[in-house]
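Please read it alongside the sequence and the coordinates.

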There are 2 protein chains.
Amino acid sequence: MSGKAKRNDGGAEIKMSDIARHAGVSSMTVSRALREPSTVSEKMRRKVDAAVREFGYLPNRIAGSLSSKRSNVVGLIVPSIQNSLYASMIQAISDVLRANGFHLMIANSGHRLDDEEALVSALLAQRVCGLVLHNTTHNKRVRDLVAKTGVPVIETGNLPAEPLDMVVSYSNFEAARAMTAHLGRLGYRKIGFVTLPLRDNDRSEERRRGYFAALKELGLPADPSLVLEASGGFSEGADALVRLIQTHPGLDAGFFAGDVLAVGALFECQRRGWAVPGRVAIASFDDLDLLRHAVPTVTTLRIPRHEIGRRSAELLVNRLLGASPERVRIDVGFEIVQREST
Amino acid sequence: MSGKAKRNDGGAEIKMSDIARHAGVSSMTVSRALREPSTVSEKMRRKVDAAVREFGYLPNRIAGSLSSKRSNVVGLIVPSIQNSLYASMIQAISDVLRANGFHLMIANSGHRLDDEEALVSALLAQRVCGLVLHNTTHNKRVRDLVAKTGVPVIETGNLPAEPLDMVVSYSNFEAARAMTAHLGRLGYRKIGFVTLPLRDNDRSEERRRGYFAALKELGLPADPSLVLEASGGFSEGADALVRLIQTHPGLDAGFFAGDVLAVGALFECQRRGWAVPGRVAIASFDDLDLLRHAVPTVTTLRIPRHEIGRRSAELLVNRLLGASPERVRIDVGFEIVQREST
DNA sequence: CGTTCTCTTGGTATCGCTACCACCGTATAA
DNA sequence: TTATACGGTGGTAGCGATACCAAGAGAACG
């Protein structure tokens, strides 16, 4: 089974009928003994098991899937694999799936909707039995494909207005609003907002909306020059903070809505000797381990990424095991973690 | 294609013969037009393409794989998905595979050899066309399975004495030795060593050996009480450093051979007001972004994780595309990155 | 004792696609 | 012209498993 191999290359594969012959039973009995042992008599099962062990037989799941029109592979598309936020979700998904005998096929879209489309097509061509998409805005063709094939789909990363199927997420809008309001309650009045790129990213956009909504509720002016776009990473966070403080010397807090931006800013403050939160307060999004251990510890939003993964996989597995298709929408919520930096 | 669905549930799937009929050609022509367009005349290709688009046809790769005895899915087993080191390797693998039309099935073994065995079996049952294992010590059954099925395998994470097939890695022994020697050259004389768990982990073991080898070369005493095992994570690194300093007040450097241990230790120093490197120097393993931005910046070993992933995937793809099977052993090396912390 | 039911087992026809071979027409060589 | 080659197309027989149905052996029942 290699990329170029012709038919019958090298040692012939051991197949079920071989096992059947050696065990002196029919291949149906072998098939049953392996998949539903309880439907086969003790004697048969023993004969089959013995032959299976003797030959080190590995059933061919490709053939099984084709025949049964059932697969045990779930497809997952994330914007980037190289990001610990997704990593903890992926880990949880992987664990739940594995416990139920499913496997995970992973791909990353790089935040590009056209790539998402190509990947959804490819995964559906592989006949995955379910999809998890960390994204809630899709191409038309993606929506069509999902509708036509009828595969169960979990969307996550945001709470969409028109879900494809099932959703497990938190509200980026509410989370950003809550943190901004929190900073306001703590007495900060000039709050900068640093966001990840907004293009093709509903999550970023929602966070920005939440920030402005909170400002309004706080009776603070909505100053667009307090909002900066950064591409994610330590340096970008540092740069953004420096730029904000240069243009707004009165800035008393920075809310970094993405990745490790906040930590980059914090390190920059250490480098420049700016007291945190004395000179400027720093708040982050997503409770990375790092934030709990930095000096000072960093106020942040705890998004239950692991739980999102776990519940997504559980919903999918239930559906695959026969639960009736119903639109489920789970809001896992979030939590503000107040620490030393604010 | 769902977990429980019976045959012929709902709308019948569109298949190649349907496309063939509507395009007025044979299904072989459709098959060829999709896989090797150059072997089909312009006219046929257009007819086929039109029908494919009209029906939104998605070829069934499961059937294709069964028939051709070829698959386009590569299996990957890492100790943990939730670890940015693996993440950057996975990202690279995923990118290279995708560019060549392959997909990635991921599983994590949690550092347990028995789980690795179960996963290798499962992936081979899915008839993956290649395997990447981040581990170089395996169960007997794993070695047997690999030998019997003949799938191309890449091992990584260490340079094994008896590789299964191809290897792309660096030497944990040499890396740890080089860093320890480096610290010695800088004048440090009492160098603590904090390692990840040694059990079932040849990488950790090799690193420890490298540490002792360097001490010997430096003419420093090999004191086992300078070696501490920690399970990985910020707090564990912090704890380890504190314990080392308590038992060895003269400790002048700590080499943290794993994960974020060094950063945890660094934060602890900040908390306690210990100057780094004045009171104690800190060196790490693996060039996390974090280390370049921390204050002070942290001396470390740059392991080209991304390159490891890329080259692993490239080797695999070449082999799958027909390269002759030869034992390849690539040592990607490492690099000492001297920074402020030592 | 015959009938009905349950529990096991086996035979067979697919699942959707591709490898292989046969074929046909046209182009090139002899 | 006849022979040979070659690009392009279609028919057919699997790939290795499972779903479905049929059938035999006992058990339970009247």
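In chain A of this predicted model, strand β1 (residues 73-78) and β2(A) pair in the parallel sense over 6 bridges. Two strands pair if DSSP finds at least two bridges between them. Helices (H or I, at least four residues) and strands (E, at least two) are DSSP runs, numbered from the N terminus.

Residues are numbered from 1 along each chain as its sequence is written, chains are lettered from A and ligands numbered from 1 in the order in which they are written.

**Strand β2 of chain A**
- A:Ala107 in β2(A) is the bridge partner of A:Ile77.
- Strand β2 (residues 103-108) of chain A is largely enclosed by the rest of the structure, because 6 of its 6 residues are buried. Buried means under 20% relative accessible area, exposed over 50% and partly exposed in between (1.4 Å probe, protein chains only).
- A:His103, A:Met105 and A:Ala107 point one way from β2(A), and A:Leu104, A:Ile106 and A:Asn108 point the other way.

**Aromatic rings**
- Over all chains there are 12 aromatic pairs. Rings of Phe, Tyr and Trp (its six-membered ring) pair if their centres lie within 6.5 Å; planes under 30 degrees apart count as stacked, over 60 as edge-to-face and the rest as tilted.
- B:Phe255 and B:Phe285 are a stacked pair, with 6.3 Å centre to centre and 10° between the planes.
- This pair links distant parts of the chain, 30 residues apart: B:Phe255 is in strand β8 (residues 253-257) of chain B, and B:Phe285 is in the loop between β9 (281-284) and α12 (289-293) of chain B.
- B:Phe255 counts as buried because its relative accessibility is 0%, and B:Phe285 is buried with a relative accessible area of 0%.
- B:Arg207 lies over the face of B:Phe285, 3.7 Å from the ring centre. A charge sits over a ring if NZ of Lys or CZ of Arg is within 6 Å of the ring centre and within 35 degrees of the ring normal.
- In chain A, the charged end of A:Arg207 sits over the ring of A:Phe285, 3.8 Å from its centre.
- A:Phe285 also belongs to a cluster linked by ring pairs, together with A:Tyr170, A:Phe193, A:Tyr211, A:Phe212 and A:Phe255.

**B:Asp287**
- B:Asp287 lies in the loop between β9 and α12 of chain B and counts as buried at 19% relative accessibility.
- Its side chain makes polar contacts with the side chains of B:Arg302 (3.3 Å) and B:Arg339 (3.2 Å). A polar contact is a pair of N or O atoms within 3.5 Å; within protein, one must be able to donate a hydrogen and the other to accept it, and residues adjacent in sequence count only if both atoms are side-chain atoms.

**DNA strand D**
- Of the 27 residues around DNA strand D, A:Met16, A:Ser31, A:Tyr57, A:Arg70 and B:Thr29 come nearest. A residue is near a strand if one of its heavy atoms lies within 4 Å of it.
- α4(A) gives the most to this surface, with 5 residues.
- A polar side-chain atom of A:Arg70 lies 2.4 Å from a phosphate oxygen of DNA strand D.
- A side-chain N or O atom of B:Arg32 is 2.8 Å from a base nitrogen of DNA strand D.

Note on methods:
Predicted model: local features only at pLDDT ≥ 70, side-chain atom pairs only at ≥ 80, totals over all residues. Heavy atoms only, no water.
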